[in-house]
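Hi,

Here is the structure I promised to send over. Have a look at it first, and then read on for my notes.

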Amino acid sequence: MHCSGRHVHKVTGLILFSYGLVGSLSPHIGNLTFLRTLVLQKNSFNGKVPIEIGGLFRLRVLVLSDNSFEGKVPPSLTYCSELPELNLVNNKLEGKIPEELGSLSKLRALGLANNNLTRKIPASLGNLSSLSLLLVGENNLIGSIPEELGKTSIAFIQLGINRLTCTIRSSLYNLSNMRHFGLSSNQLEGSLSQDIGVAFPHLRQLDLIENLFIGSVPISLSNASMLEGIFLSINNFTGLVPPNLERLQNLRAKNMVMNQLGSSIGDDLSFIDSLANCTQLQTMIFSNNFLKGPLLSTIANFSTQLSMIVLGINQIHGTIPSGIENLVNLTYLDLVMNHLTGSIPSNIGKFHKMQALGLLGNILSRGIPSTISNLTLLLNLDLSLSSLVVLQLGGNTFTGVLPLEVGHLMNLVELDVSDNKLSGALPNSLGNCVEMRGLRLDGNAFEGEIPTSLQTLRGLEHLDLSRNKFSGKIPMFLGDLPFLTYLNLSFNELEGEVPSVEANVTISVEGNKNLCGGFPKLHLPTCVNLHKATEGFSESNKIGVGSYDSVYKGNLDQDGLAIAVKVFNLPRRGASKSFKSECKALRKIRHRNLVKVLSAFSSLDFQGNDFKALVFEFMSKGNLDRWLHPKAIEDEPQRLTLLQRLNIAIDVASALEYLHTQCDGIVVHNDLMLNNVLLDDDMTGHISDLVFQRSLMSFVALRLLQVLAQTKIAQLQ
């Protein structure tokens, strides 16, 4: 807060930048008639901008940006006739831009961007002859850009992200002091003045992204020698890229993606020669055009400041130039969907900062160089092509094996080597890429078993191993990957049980001849081994009946393993829900005092009916009730020593403590009784029949633990 020297008790300045203030701005602000500066930027004010501010005729600076003011822009602000700066950027203002603002003859900066303003830009703003900065982007403005703006002194104009139409009025090219010309994300059309570089000699930023412009890119841009950024992407520009850009020594970024640049001659990349002289260049983006011709070796002479080259989806042919590895600061190289031939340079490992390398959809051949392991910052390895943060190598004709060194790319997020001619076994080192979210190996000739090392890829969302020669069993851990949404194992030589996955996972296993189990939608038979193990789920093998299920004893022929099979009675209401709940719990927990689940089945039985079952390790000594309340007809004496009773109680308590305090979410056993405490050969206690509960408050779980503990103690006495 500032006070006047002549008028000690009069406030002349109120600057409260980022003070965390909330609420509405009091209309009594209008009583501060000596106020010259009012800055309330970056607070949380809401409500309307008080019209009483218009009475502050001495005001020179009004900054209310980065708040939540709403309502209309008060026309009364025009009474602040001495105001040179008005900043209302980033609020929730609506309605039109008041035409009355055109009477603020001393206004030099007007900021209304990032609001909800509508209608047209008033032509009256053309009366502001001193206006040098105009920010009205990110609104919902319509209509054309007023030609009257050409009578101002605008040097920085930002009208992007609106719904402006028509062409750029010729009068705007009279703004010879223009430094930033931003009209992106509108519906402007027509062609640019071929003399734009002459009209705007001081231009630094040209941003026309996402419009409907046509015609050629003006050659005169080379006259704007101070240009730092040219952004013309997502338009309909045609013809050649200007070849005379060597004068632009300050050029840092050039983006012309998604146009129609190119010619029928086939020498469309000659502009690269001139860009080699732009020593400040950092990004060069020309993807999604019709550029033809070879990738010139001159590209290797670019400034080492270059970090991004994007030339994908064009018609570029030839080989990847030698010497390109000299661009040591390159982090992104995208050459996808072209006609490149030859091999990946063996010295590609010199790109130590590379994060994304895209070579997908070319005609590259030979092996993938092992030096790719030097790209340690690679986040995405797409072996349909290669990339560092993104490595795309798909759709080529690469041969040989997937290099063992790929496991050194520990930051890799996506690896795609689809549709090549790679073969051999997958390297176990893939399990080192713990940040992996997408793995595409489809359409090759990989063979052998799916590596168990993949179970470390806990963040995996997309896994495609289809159209290969993988054999053996499908690893059960694939059903435990918590973020998996897509799993394609089709057309391999896999056999055995299909792991159960969450309902939201898209899974395909067609084209494998010896699979069973899985969800009903896969139309696979129930695993024959399970049916045989229980002698057809015979009554003589039934060892228990629950509310929703029956339990059968069985023995697997291949290894003699004793199992307990819980078959759910699906016609009974609640049985299917009980199966899902127990699967959800068992998937997330592991403890020595919980009955070990071996597998889960959700498929069809031999009559075509829905079939759901859980397979557990068999507990040979039965349940605790049998030992505490022995029946006379039992042949074997059912007596527990005091030490055995104490150990079993400790086993139960240990399992409950794990469920309640160490799991991801609270797991509460809703039906813990003596029948659900099972004993193995060593008389170790194991809890069975779990229900997963996330919604219970922790204090409820602790209270339940206390009650259960008291009950067990009483029963064991």
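Below is what turned up, starting with the ground rules and the overall picture.

This is a predicted model, so local features need pLDDT of at least 70 and side-chain atom pairs count only at pLDDT 80 or more, while totals for chains, interfaces and linings use all residues. Residues are numbered from 1 along each chain as its sequence is written, and side-chain values use heavy atoms, with hydrogens and water left out.

**Overall**

The protein chain has 7 helices and 51 strands; these are DSSP runs (H or I of at least four residues for helices, E of at least two for strands), numbered from the N terminus. Of its 717 residues, 51% are buried. Here buried means under 20% relative accessible area, exposed means over 50%, and partly exposed is in between, with a 1.4 Å probe and protein chains only. The accessible surface of the chain is about 31,800 Å², and carbon and sulfur atoms account for 52% of that. Areas are from Shrake-Rupley with a 1.4 Å probe, and for residues only the protein chains shown count as cover. As for contacts (heavy atoms within 4.5 Å), take those between residues at least 6 apart in sequence: 52% of them join residues at least 24 apart.

**Cores**

In soluble globular proteins, nonpolar side chains tend to be buried together. I looked for nonpolar cores, meaning sets of buried Ala, Val, Leu, Ile, Met, Phe, Trp, Tyr and Cys residues joined through side-chain atoms within 4.5 Å. The largest one has 141 residues, and the members touching the most others are Leu38, Ile53, Leu134, Phe181, Met284 and Phe302. Strand 2 (11-15), helix 1 (196-199), helix 2 (271-275) and strand 42 (493-498) are the elements that each give two or more residues to this core, and helix 2 gives the most, with 3 residues.

Not counting residues up to four places away in sequence, Phe302 touches Ile272, Leu275, Ala276, Leu281, Met284 and Leu327. There is also a second, separate core of 19 residues, including Ile648, Val652, Cys663 and Leu674.

Ala300 sits in the loop between strand 25 (292-294) and strand 26 (308-310), and counts as buried at 10% relative accessibility. Beyond four places in sequence, Ala300 is in contact with Ser322, Gly323, Ile324, Asn326 and Leu327. Its C-alpha atom is 6.4 Å from that of Asn326, 26 residues apart along the chain.

**Charges**

The salt bridge count is 7, using a side-chain nitrogen of Lys or Arg within 4 Å of a carboxyl oxygen of Asp or Glu.

- Glu82 and Lys106 have their closest N and O atoms 2.6 Å apart. Glu82 is in the loop between strand 7 (68-72) and strand 8 (85-87) and Lys106 in the loop between strand 9 (92-95) and strand 10 (109-111), so the pair ties together parts 24 residues apart in sequence.
- Asp416 and Arg440 meet at 3.5 Å, N to O. Asp416 is in strand 35 (residues 414-416) and Arg440 in strand 37 (residues 438-440), 24 residues apart. Asp416 is buried at 2% relative accessibility, whereas Arg440 is partly exposed at 26%.
- Lys542 pairs with Glu539 at 3.2 Å between the closest N and O atoms. Lys542 is partly exposed at 27%, and Glu539 is exposed at 59%.

Asp416 and Arg440 also belong to a salt-bridge network with Asp419, Asp442 and Arg467.

Is Lys612 buried or exposed? With a relative accessible area of 13%, Lys612 counts as buried. Lys612 is in strand 49 (residues 610-617), and its contacts beyond four places in sequence include Lys566, Phe568, Phe579 and Phe601.

**Surface and cysteines**

Leu643, Leu646 and Ile650 make a nonpolar surface patch with about 310 Å² of accessible area together. The patch rule takes residues with over 30% relative accessible area and no salt bridge, joining like charges within 9 Å and nonpolar side chains (Val, Leu, Ile, Met, Phe, Trp, Tyr) within 5 Å. Leu643 is in helix 6 (residues 642-661) and is exposed at 57%.

Finally, the whole structure gives 0 disulfides, a disulfide being a pair of cysteine sulfur atoms within 2.5 Å. Cys278 is buried, at 1% relative accessible area, while Cys166 is partly exposed at 33%.

Cheers
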